[in-house]
Amino acid sequence: MPETAIVTMSMTDEYRRTQFKRLKKAIKEGFYMEAIYIESTIMDDNTELALRIGGVWDDYFKKRRGHEPALDSKIRYIQIAAMQKKTLLNRFFGDDLLEQVLSWKNERNRLLQGMQKQNITEEYIERIAEEGKHLSEILNSKCSRMKRAAEKKTADR
């Protein structure tokens, strides 16, 4: 079975819709830390989906040599694989979105570390949650379009 046909339970369309419903509700209700957690999960799932659809998941996983997949390493692997012209990864991830996701993740980490050391304002947490929501939506949209393109390519064969 080709990697494009492999979709784990965490990446089904229904699961992804449910995650976005939860995210929107968390933001609406002001539960920004919950929103940030959901955004992290969405980004993690979508980077795995991109690797699978791009046909490089097995290679990425072998390179990890038993280490758990991590958002940073998945993003870097997508960026490297996207350098190859005429691939789905190049078509959908040839821009700076993944750098923005890494920047957001680093900001999220600073927030989590800073919560123990200082008073963090709700406005700061809200800003990170809103930015994460925006990036999650873009990443999800690209992965959905990439998935449809891969399915179309397979159907055309």
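The radius of gyration of the protein is 16 Å, which agrees with the value near 15 Å that a compact globule of 157 residues would have. The model is a predicted one. Taken along the principal axes, the C-alpha atoms fill a box of roughly 55 × 30 × 30 Å.

Confidence was examined next. The average pLDDT of the protein is 89, and 93% of the residues reach a score of at least 70. Residues 1-10 have a pLDDT below 50, and this stretch makes 17 contacts in the model beyond near neighbours in sequence. Where pLDDT is low, predicted coordinates should not be read in detail.

The secondary structure consists of seven helices and zero strands, giving the pattern α-α-α-α-α-α-α along the sequence. Of the contacts between residues at least 6 apart in sequence, 69% join residues that are at least 24 apart. Buried residues account for 43% of the 157 residues.

Two residues were considered individually. Met146 is located in helix α7, which covers residues 122-156. Its relative accessible area is 0%, so Met146 is classed as buried. Apart from residues up to four places away in sequence, Met146 touches Ala50, Ile53, Gly54, Leu88, Leu89, Phe92 and Phe93. Two of these partners, Ala50 and Ile53, fall within the range of helix α2, residues 32-53. The separation of Met146 from Ile120 is 26 residues in sequence and 38 Å in space, C-alpha to C-alpha.

Helix α2 also contains Thr41. The relative accessibility of Thr41 is 18%; the residue therefore counts as buried, the cut-off being under 20% relative accessible area. When neighbours within four places in sequence are left aside, Thr41 is in contact with Tyr15 and Gln19. Thus Met146 at 0% and Thr41 at 18% both fall in the buried class, because that class takes in any relative accessible area under 20%.

Technical notes: Residues numbered from 1 in each chain as written. Predicted model: local features only at pLDDT ≥ 70, side-chain atom pairs only at ≥ 80, totals over all residues. Heavy atoms only, no water. pLDDT = per-residue confidence, 0-100. Contact = heavy atoms within 4.5 Å. Helix = DSSP H or I, 4+ residues; strand = E, 2+ residues; numbered from the N terminus. Rg over C-alpha atoms; globule rule 2.2 N^0.38 Å. Buried < 20%, exposed > 50% of the residue type's maximum accessible area, 1.4 Å probe, protein only.
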